[in-house]
Amino acid sequence: MDEKIEVSLDNPSNKLTLKMANNEVITIEPAYTCIVHNKREICTTTKGELLVSENKQKVRLKSQTLYDWLIVVWRKEVDGLTKEKLLKEALFTRYLYHLGPSYSDFFMCPKIKIEPINGDPRRQLIFGSALNFSEHHGRDYDKLTFSISGSNLTGLKMTNVKIKKHIS
C-alpha cells in the first residue's frame, strides 16, 4: 500500500537557516511529499510549498514567490557569484538581448562558451544555452541554445537558435 508522508529531509540543497537576535533558529526549506512504493521511499518537492521550523515546531505553508526564490535565487544572493560566473552571466544577458524579448524567460542555468575564430581573439564563435523559468513549476523545462559569430568589423550574427521542448 502506498502512503503519503510529509517530511523534512536531513540535508536539502535549498535549506535556509536563520539565527535570530534572541538566538532562536528558524529554517525554511521546500516541503517534500514522499511516497512509499515497493518498500522504497521516493521524495519530491511540493510545488509552491515550504516547511518553516522554529524551535522544533514545523509549519507547512504555501508561497509560490518564496518557494521560487528559495529554489532558484537565494544562494546567488547570499554567497555571491565568482568573477567568472558574473562575466558569463553578463555575456549571456548581452547576447540574449540580441535575440529579442520573446526569449527573455530563458535565464535559468545560463551557459556561455567562447572560441576564437582561426585563433584570432578579435573574432569569436559564441555558444549559449539556458532553461526557461516559465516551465519551472512543471515537470520539465524548455532549453534555448544559440550560436553567434562576431567581430569588431562585422558585428554579431545570430545562428542556430533552437528551443528544445519538455526536457527533464
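What share of the contacts with a separation of 6 or more in the protein chain comes from residues 24 or more positions apart? Such residues account for 41% of those contacts. The model is a predicted one, and its secondary structure comes to 2 helices and 9 strands.

**Overall layout**

- Read from the N terminus, the elements of the protein chain follow the order β-β-β-β-β-α-α-β-β-β-β.
- The protein chain has 168 residues, and buried residues make up 31% of them.

**Nonpolar cores**

- The largest nonpolar core has 13 residues, and the members that touch the most others are F92, Y95, L96, L99, Y103, L144 and F146.
- At least two residues of this core are supplied by each of helix 2 (83-99), strand 6 (106-117), strand 7 (120-132) and strand 8 (141-151), and the largest share, 5 residues, comes from helix 2.
- When its neighbours within four places in sequence are left aside, L96 is in contact with Y103, F106 and L144.
- Apart from this set there is a second, separate core of 7 residues, whose members include L16, V52, Y67 and L70.
- As a general background to both groups, nonpolar side chains in soluble globular proteins tend to be buried together.

**The aromatic pair**

- The structure holds 1 aromatic pair, formed by the rings of F92 and F146, which have their centres 6.0 Å apart and their planes at 40°, so the pair is classed as tilted.
- Because F92 lies in helix 2 and F146 in strand 8, the pair ties together parts of the chain that are 54 residues apart in sequence.
- F92 counts as buried at 2% relative accessibility, and F146 is likewise buried, with a relative accessibility of 2%.

**Salt bridges**

- How many salt bridges does a search of the whole structure find? The search finds 3 of them, and in general side chains of opposite charge can pair when their charged atoms come close.
- D142 forms a salt bridge with K165, and the closest N and O atoms of the two are 3.5 Å apart.
- This pair links distant parts of the chain, since D142 is in strand 8 and K165 is in strand 9 (residues 155-167), 23 residues apart.

**Strand pairing**

- Strand 6 and strand 7 pair in the antiparallel sense over 9 bridges, and I114 stands opposite I126 in strand 7.
- The hairpin of strand 6 and strand 7 has 2 residues between the strands, and in this hairpin N118 takes a positive phi near 50°.
- Strand 7 is also joined to strand 8 by 9 bridges, the two strands running antiparallel, and L131 stands opposite K143 in strand 8.
- In general terms, the side chains of a regular strand alternate between the two faces of the sheet.

**Polar contacts of T33**

- T33 is found in strand 3 (residues 25-37), and its side chain is joined to that of T46 by a polar contact of 2.7 Å.

Terms used: Residues are numbered from 1 along each chain as its sequence is written. This is a predicted model: local features need pLDDT of at least 70, side-chain atom pairs count only at pLDDT 80 or more; totals for chains, interfaces and linings use all residues. Side-chain values use heavy atoms; hydrogens and water are left out. A nonpolar core is a set of buried Ala, Val, Leu, Ile, Met, Phe, Trp, Tyr and Cys residues joined through side-chain atoms within 4.5 Å. Buried means under 20% relative accessible area, exposed over 50%, partly exposed in between (1.4 Å probe, protein chains only). Helices (H or I, at least four residues) and strands (E, at least two) are DSSP runs, numbered from the N terminus. Contact means heavy atoms within 4.5 Å. A salt bridge is a side-chain nitrogen of Lys or Arg within 4 Å of a carboxyl oxygen of Asp or Glu. Rings of Phe, Tyr and Trp (its six-membered ring) pair if their centres lie within 6.5 Å; planes under 30 degrees apart count as stacked, over 60 as edge-to-face and the rest as tilted. Two strands pair if DSSP finds at least two bridges between them. A polar contact is a pair of N or O atoms within 3.5 Å; within protein, one must be able to donate a hydrogen and the other to accept it, and residues adjacent in sequence count only if both atoms are side-chain atoms.
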